[in-house]
Amino acid sequence: MLKAGVSKQVVTPPTWVPYLTSSGNGTCAPFDGVHDELHARAMVLDDGTNAICVLAVDAIGYDNSILGGNRDFTRELRDRVSQETGLDQASVMLCATHSHSTPETIGLTPFRDVPGVSTWLDEHLSRLVNVVVDAYSKRVQVRAYSSIRSVQGVSRNRRIVLKDGTLDRRGDPPDPAKVDGTWPVDEDLFTLYLATENGDPFGVLLNYTAHPVVAMLLPPVSADYPGATSTRVEEALGGVVCLFTNGACGNINSLHVSTNFEDVHKLGGLLAEAALLDISKLRPEDALQEWMTSSATMEIELSASPCPPLEQAQAAVDFSDSPENQRMLRLARKLLDGPLHGEIQLMRLGSLIWLALPGEVFVETGIALKLAGATFVAGNSNGWLGYFPTRGAYEEGGYEVTPGVWSRVAPGSAELIEAWGKQLIGRLST
């Protein structure tokens, strides 16, 4: 029988730990309070021979160099988990919900230089290890169920090209008559539901695709709509643990941006009620009949976006302290962290396949990988390398394709991610 363990731990930071206030200017600031707690949630799935673990954290993402020196955040997490549980390192997936009212752990600002942050990061890493170890220790026999349904009214494409050549980025979608072409979204809500042998709710894993930016730039700590979704499901099912993973949301926003916490709960409620409705319809005979677990990873290295060497970038700023020169100087400094190493990771539970990708992948890539056989895609996972715009997006322009610390991979990287992801999926059939 399939065994599973779940666990949940609060990871809310002290309010002096900075959050991102501007990627363009490279600024961060302390929170002014806590609206709702941040959590790390873990789910371990064990088929008796192999075990896999998904760790979903209310976080914007993790730059693997955020610890400084020669340390690697994801590698250290996996090393410590492996030592305490015996889980294979390739079997641990670190997913960030990408909620923006969380600590600035993606390396866009001098976050690590803030006094006390280095100590907090080490403590935070230990909490993440502990929640995985706890989930592993709580494994019991379960039945697994899955569903996929479309949920509208939560997301929108934020790069809709209008006939006048401009990009429509937020608010209600524009009149189709004003749009040049079509715009993709991925409104599929994936639900994995676990129940104990006697039918009691045990755990839930969700996946949906939309930037959690409802609470962006609102200064209290907040897990945004993913946190509201998980909390609503957990309360409705009597305290189970509900993980939320975000999809290929690089060019997909939540419908509301920097508005209010009523919208956070509204969007979270839409997704939670959809998941709960699917769960309520499940019958024992609907349980997965195959539950073999496996995982695979592919180490990748990507070329960097065109950028002058550090000395040349500094000379340009000394000559003209323009925003563009400052942006390129920040990128040049960031690229000194080393080659753009990343990872594509695949996990499997029976016929269900999911891929973890190391940054903000565009929805076109996510849809292509689903068509190739992935049940869902989890972006901002096992590290963060910024945006992965498609080649067509570079022709359109805009924030995501402008070279910067947030967009540091070279054009063509998204297409490589798609090809490599398809390779991993293809290995399952050989």
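## Pockets and helix pairs

Strand E16 gives four residues to the lining of the largest pocket, the largest share from any element. Bear in mind that this is a predicted model.

Let's stay with that pocket for a moment. It holds about 730 Å³ of space. A total of 31 residues line the largest pocket, and the closest to its centre are Asn64, Ser65, Asp72, Arg75 and His341. By class, the lining of the largest pocket has 13 polar, eleven charged and seven nonpolar residues.

How many cavities of 30 Å³ or more does a search of the whole structure find? The search turns up one. The largest cavity has a volume of about 50 Å³, and its lining is made up of Val11, Leu38, Asp58, Ala59, Tyr62, Pro103, Thr105, Trp120 and His124. Six of the residues lining the largest cavity are nonpolar, two are polar and one is charged.

On to the helices. Here are two packed pairs:

| Helix pair | Residues | Angle | Axis distance |
|---|---|---|---|
| H5 and H6 | 310–319 and 323–335 | about 155 degrees | 9 Å |
| H7 and H9 | 363–371 and 413–427 | roughly 20 degrees | within 10 Å |

Take H5 and H6 to begin with. Angles over 145 degrees count as roughly antiparallel, and H5 and H6 pack at about 155 degrees, so these two helices are roughly antiparallel to each other. H5 passes H6 in a left-handed crossing. On the H5 side, the contact uses Leu310, Ala313, Gln314, Ala316 and Val317, which meet Asn325, Gln326, Met328, Leu329, Ala332 and Arg333 in H6. Sorted by class, the residues of this H5 and H6 contact come out as seven nonpolar, three polar and one charged.

What about H7 and H9: are they roughly parallel or roughly antiparallel to each other? Angles under 35 degrees count as roughly parallel, and the axes of H7 and H9 cross at roughly 20 degrees, so H7 and H9 are roughly parallel. Their crossing is right-handed. Thr365, Ala368 and Leu369 are the H7 residues in this contact, and they meet Ala414, Ile417, Glu418, Gly421, Lys422 and Ile425 in H9. That contact of H7 with H9 divides into five nonpolar, two polar and two charged residues.

Key:
Residues are numbered from 1 along each chain as its sequence is written. This is a predicted model: local features need pLDDT of at least 70, side-chain atom pairs count only at pLDDT 80 or more; totals for chains, interfaces and linings use all residues. Side-chain values use heavy atoms; hydrogens and water are left out. Axes are lines fitted to C-alpha atoms, for helices over the stretch in contact, and angles run from 0 to 180 degrees between N-to-C directions. Angles under 35 degrees count as roughly parallel, over 145 as roughly antiparallel, 65 to 115 as roughly perpendicular and the rest as oblique. A crossing is left-handed if the near helix is turned anticlockwise from the far one by less than a right angle, and right-handed if clockwise. Contact means heavy atoms within 4.5 Å. Ala, Val, Leu, Ile, Met, Phe, Trp, Tyr, Cys and Pro count as nonpolar, Asp, Glu, Lys and Arg as charged, and the others, Gly among them, as polar. On a 1 Å grid over the protein atoms alone, a cavity is a set of points where a 1.4 Å probe fits but cannot get out, and a pocket is an open set with protein on both sides within 12 Å along at least five of seven lines; lining residues have an atom within 4 Å of a point. Grid points are joined across faces, edges and corners, and a volume is the space filled by probe spheres set on the points.
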